[in-house]
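User: Could you walk me through this model, taking the chains and their contacts one topic at a time?

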Amino acid sequence: MSTNAKTLFVQHFWKDSNRTLDYYLAEMNGYEAARKVLGGMTPDQVVEEVKKANIRGRGGAGFPMGMKWSFIPKNSEKPKYLVCNADESEPGTCKDRQIIRYTPHLLIEGLLIGSYAIGCKHAYVYIRGEYVREALLLEAAIEEARAKGFLGKNIFGSGFELEITVHRGAGAYICGEETGLLNSLEGKRGEPRVKPPFPAVSGAFSCPTAVNNVESIANVPHIIRMGGEAFAQLGKIDKSGGTRLISLSGHVNRPGVYEVPAGSMTLRQIIEELGGGVWKGKKLKAVIPGGSSSPVLTADEIDAVYDVEPLMKIGTMMGSAAIMVVDEDTDLVKLLLRITKFYAHESCGQCTPCREGCHWMESLLHKMVHGEAKSTDVDLLVDVAGNIGGKTLCALGDAAAMPVQSFVKKFRSEFDAYVKGQRSHA
Amino acid sequence: MKEKLLSEKFYQAMKSKEPRYPNRKALILPALHQAQAEYGWLPKEILAEVAEYIGVHEAQIREVASFYTMYNLKPVGKMHLKICTNVACCLRGADELMEYAEKKLGVKCGETTPDGMFTLSEEECLGACTTAPVMMANDDYVENLDIQSLNHFLEKVKHEH
Amino acid sequence: MPKCTIDGKEVDFKAGENLVTVAKRAGIEIPVFCYHPGLSVVAQCRMCYVEVEKMPKLQTACSTQAAEGMVVKTQSEAVKKGRAGTMEFLLLNHPLDCPICDKAGECDLQDNSFGHGSEFMRHSEERRTYVDVDMGPVIQKNMNRCIHCTRCIRFGEEVAGIHEMVAIKRGNNIDITTIDGKQLKTEYAGNYSDICPTGSLTLKDFRFRKRAWMLKKTPTVCEGCSKGCNMEVQHEGNVVYRCVPRENLEINKYWMCDEGRFNYQYAQDPSRIVDPMRKAGESWLVTRWDELLTALRNDSGGEDVLFLVGTDLTLEEMKSVQEAARIWAPRAAIRSFGTPGVESSAQDGPKDGILKMKSKTSNLKGAETLGIPPLLGAAKSTVVVVFRGGRAELPRIEAKKAYGVGVFLEKERNSVHAILPGLSFLEKDGTILNHQGTSQTLKRALLPRGKSKALGEILMLVLNQKSSEVNP
């Protein structure tokens, strides 16, 4: 499926039988990396290798993964936990689902290696509640691995033991935020926690915890197999190793999950070469480059290289690598209303700016779309967004504010047309 | 002792999950899923029984259950259709699908058909954006929807029941 | 001691202290809603923003621990804008009903709005409204006024030990409530009203009775048990309207129980006896002080006299009874009474693991210190004189003649034959020793009611009894 030779995942994303342990062992050198790690590497060596791999977290924040693991205290008397974030909730994103459906053993092996690296004996996979089938597939894969002795006690005769539990969410975007996820794992409302303390110090069940995205963990066996440096070199720009799974959706001819070496293509190339261009021969109007919370780009801004730092330079973000393409006929005020409605719906409600502000922004946009807004409401909308962004307890406030600020900044005339009555209303 | 509403199967399933968590409170989400799988939805009596099983105040179960959208605190039809209308699906026609489903089933979003067969809901992003538009039909995803395939699906369900 | 700088002032702090606390010590008030020193820190209300040097975003002072060399600004433009934004958000859905709200005048939302909000309103959408449930006899709920600070939820969970106040649903639709209209079960419900920063949870007992700013405030100690919770009596026109806890980190922290909070009510019960009275056949007659004083003196001078001292009296009162008895009733036995089954401090102890003690009176320890042995069983004697503050539980009295000196309600008067009305804890100064032996001071909040007199005065009058000198 990919146009690039160097892919680690997508070549397996096509056939149901690829998810079996037999396939994994036969075609993907399954569990050899874990055998190597448990057979002779120290936990510190594993963390070092992951650091060398220059892998950034694939969940959205892009935090260097090796560094995250190194924050786990070594001499803690408490149990330590590795928690895999399979909540995949940022709109536009659906890559982790593919990993679980087609290469679940990559994830399990990654969990095994990661658990060894941080000293965890019981790892949890927090999977979004809607992925009912995927949770079952993953549980079946875990059973396969256990039956072969890859999980349980004394794995590969090393004395190391590990259990993995799949924990299902139940419909809450905010549980993709790592501390909201931990509360949800503990049987609470998925409300994000005040940080500090950070999960590395006090996470799941008040114990040191590393929370990593599915794709991040599934890359770990690759890192061990090919070595951290070789993995790092897959990436085409500094500080970003490996490949990236990209969820390409919206108005393209060929939506899909693609894989490219990190930083190897521009947004334009991804949309045109991988996605086959804008559908129905239409023109491009806008691109949401990293999940629905990322600041929107105009059609003129897509020559940036698609990776964390180049996107940051043009004022947006790569997030979870979910690109949504918007064609020329799309009403961006209505689209922004849809995005804002989502964040208002998903606000956990514990902190003031997000609980009150997201709903207010939704109301303002609703009024605009229905021709009830005043001409000053566009500026009011932006000011409200400014009182939310950077002011909330977790990043959901920013996620709600950034689309509003960027849509109005870049497509102001569409908003003005609504409030000045130059546009037919819904 | 009140009579138990949840079956022995529920209690056995939970028993096997107990050793997987360091405390009982962490069993709340699994228990609610298990109870809903068994009962279809979560009436107050069931929530109270889950509270008793976990060993917490009933209010604590209620606050957790009401936080998550997947726990049905009201009865739902045999086939619960949740159409995603978030960005990626919306860009590819989810609103028209919702309109069509409302018309076809004769109910508004959020309602259940009088025969108790279908409940129609709007869903936020389901995480299958590259195969948009998408809906959930009970536990299954139906992807790459259009009016034709939606119509086909609804007819099939009606026919099978 | 480590130091940090707040608004240019150098301030000492102890490790672990947050910026709200440290700033307060320097005389700098940082506005808060969700933060409460007795509850966990959640940083939800986003009111206590401050600017911390080297941190790009505004920080919440409640969740930021002071650090050596930290430079904090609490009055910068960014801080002001942040706080104004939060105030605006909080008021989007808050009704403007301060004129009919009991919290007005002591409302954090009102105060912080005045201090940090804008005078203009930019919001013209419909407000969120709720249908309220009844929460039982103590607390009146008004969810429309709630600002979701969750202090009540945390109080229930962390202090009262009961998870009955919860947040139902999420986001803009959250309802902070008990479920299914269940009444509050905790015996500490009054605290919900104290900690609520708005008029969302108010005391039913106080509702619509007095404006907060009209109340005079007297710091005193609760007499409800041997804990000795510090409290404030709030009164006006010689009437108590409310009692609220006062902070004392060694004893009650910030809290008190409902029994203690509403204990004041008996003292202004219309059936409290505030005239000297004696029993005539089956009925009671108001009489003159001199008549009862003479009778008491004459009756108690002989053999077989028992003086009962309530462990609800102050040390000073107990001591005066001892001293007076030495002169005019030298053969009287003196025994204490208070809580049946808790006759000594060895039998006293925590009742619920929160605040309440088993001894239902405040000064059991005081009686022991003065060497007054407890009464065991019934009070049998030819003459019994009961000295009582108002809470000590009356024992069974078998006597030819029994006098009650102190506070009695009509329903209690038939234990004795005559009553010499005394002062309740609201009307006197004095010292009590709590279960730990900590000495604390009762402060007089009210003037004596009716013709009641201080115990010291009654005893003096008995000693110098000449009927003409006594006011009728």
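Predicted model: local features only at pLDDT ≥ 70, side-chain atom pairs only at ≥ 80, totals over all residues.

Analyst: What follows goes from the conventions to the chain contacts and then to the folds inside the chains.

User: How many residues go into the contact of chain A with chain B?

Analyst: Chain A contributes 47 residues and chain B contributes 33 residues, where two residues are in contact if their C-beta atoms, placed from the backbone, lie within 7 Å.

User: And which element of chain A gives the most to that side?

Analyst: That is H14(A), with six residues; among the elements that each supply at least two residues are also helix H7 (132–147) and strand E5 (243–250) of chain A. Helices (H or I, at least four residues) and strands (E, at least two) are DSSP runs, numbered from the N terminus.

User: How many residues does the contact of chain B with chain C take?

Analyst: It takes 10 residues from chain B and 11 residues from chain C. On the chain B side, helix H4 (residues 58–65) gives the most, with five residues, and that side divides into three nonpolar, three polar and four charged residues.

User: Staying with that helix, is B:Ala65 buried or exposed, and why?

Analyst: B:Ala65, which lies in helix H4 of chain B, counts as buried because it has 25 C-beta neighbours inside 10 Å; the cut-offs are 20 or more other C-beta atoms within 10 Å for buried, 12 or fewer for exposed, and partly exposed in between, with C-beta atoms placed from the backbone.

User: Which residues does B:Ala65 touch, leaving aside neighbours within four places in sequence?

Analyst: B:Ala65 is in contact with B:Leu32, B:Leu42, B:Leu47, B:Tyr71 and B:Leu73.

User: Switching to chain C, what does it look like overall?

Analyst: Chain C has 10 helices and 23 strands, and its C-alpha trace spans about 85 × 50 × 40 Å along the principal axes. Buried residues make up 48% of its 472 residues. The domain assignment, automatic or from a database, gives domain 1 (3–75) and domain 2 (277–469), whose centres, taken over C-alpha atoms, are separated by 51 Å.

User: What order do the strands take in the seven-stranded sheet?

Analyst: The order in this open sheet of chain C is E14-E13-E21-E20-E18-E15-E16, with mixed pairing, where two strands pair if DSSP finds at least two bridges between them. Strand E14 (283–286) and strand E16 (333–337) of chain C are the edge strands, each pairing on one side only.

User: In what sense do E15 and E18 of chain C pair, and what lies across them?

Analyst: Strands E15 (residues 305–310) and E18 (residues 383–388) of chain C pair in the parallel sense over five bridges, and C:Val305 stands opposite C:Val383 in E18(C). Helix H8 (residues 315–328) of chain C lies across E15, E16 and E18 of chain C, running at about 165° to E15(C); axes are lines fitted to C-alpha atoms, for helices over the stretch in contact, and angles run from 0 to 180 degrees between N-to-C directions.

Technical notes. Residues numbered from 1 in each chain as written. Chains lettered and ligands numbered in written order. Nonpolar A, V, L, I, M, F, W, Y, C, P; charged D, E, K, R; others polar.
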